[in-house]
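Reader: Hey, can you walk me through this one? I'm new to it and would like to start with the charged pairs.

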Amino acid sequence: MLYRMTLRGRGEVAEWEHIMSAVSEDFDMSGKGKSALVASAYRGLQAEIYKYTEEQVICVFHDFEKFFDTIDLEMLMNKAIELQFPIIDLLLTMLHHMAPRIIQCDGFCSRAIITNTYILAGCKHSVALTRALFLTGMQQICIENPIVATQLYVDDTAMLAAGEQESC
């Protein structure tokens, strides 16, 4: 509860995300005011247009199974620091994500379970941390493959290419 109250009272991460959205606006579909449904509808519209112009189109979707459960926290923290993620928020968030877990059932508590291989998917900063983790890699993919329209929505990636059969 105190952790959530602290996050609501601080605006540094929202400011950082606003700055990062300008850097990643070409491919990041999970920014403020954006939705997965709109991103999906846009890809569908693109495919329909290419069909009617008789161009070849291919779209590949990457949905990373158990993404939040398999994040290397050391790599995540290094990427976040490299991109100047607000350090106080990063430390508070990592303390929360790495805290021991206790499962409760019918009034009984389990032993503490140590966690250090994932972030919590429902946390207010999880999307921002995902953005920090993927930003430089996605920028590199877009630079190296300009013919492919690459989109990222948190942990789901779509890559769409269209043109003459020889260019796809």
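Author: Glu-12 is partly exposed, at a relative accessible area of 34%; here buried means under 20% relative accessible area, exposed over 50% and partly exposed in between, with a 1.4 Å probe and protein chains only. The model is predicted, so local features need pLDDT of at least 70 and side-chain atom pairs count only at pLDDT 80 or more, while totals for chains, interfaces and linings use all residues. Residues are numbered from 1 along each chain as its sequence is written, and side-chain values use heavy atoms, leaving out hydrogens and water.

Reader: OK, which side chain does Glu-12 meet in a salt bridge?

Author: Arg-10, at 3.5 Å from N to O. A salt bridge here is a side-chain nitrogen of Lys or Arg within 4 Å of a carboxyl oxygen of Asp or Glu.

Reader: And what else does Arg-10 meet in a salt bridge?

Author: Asp-89, at 3.0 Å, N to O. That pair links distant parts of the chain, with Arg-10 in the loop between α1 (2-9) and α2 and Asp-89 in helix α5, 79 residues apart. Helices are DSSP runs of H or I with at least four residues, strands are runs of E with at least two, and both are numbered from the N terminus.

Reader: Is Asp-89 buried or exposed?

Author: Buried, with a relative accessible area of 1%.

Reader: How many salt bridges does the structure hold?

Author: It holds 3. Another of them joins Glu-17 and Arg-131 at 2.6 Å, N to O. Glu-17 sits in helix α2 and Arg-131 in helix α6, so this pair ties together parts 114 residues apart in sequence.

Reader: Switching topic: which residues of α3 are buried?

Author: Ala-39, Arg-43 and Gln-46 are buried in α3. They cover an arc of only 55° around the axis, judged by the directions from the helix axis to the C-beta atoms, which puts them on the same side of α3.

Reader: What covers them?

Author: The cover includes β1 (56-63), β4 (149-153) and β5 (156-163). On the face turned away from the buried side, α3 carries the exposed residues Leu-37, Val-38, Lys-51 and Tyr-52.

Reader: Last one: which residues touch the most other members of the largest nonpolar core?

Author: Among its 24 residues, they are Trp-16, Ile-71, Leu-76, Phe-85, Met-94, Ile-119 and Leu-129. A nonpolar core is a set of buried Ala, Val, Leu, Ile, Met, Phe, Trp, Tyr and Cys residues joined through side-chain atoms within 4.5 Å. The largest share of this core, 7 residues, comes from α6.

Terms used. Contact means heavy atoms within 4.5 Å.
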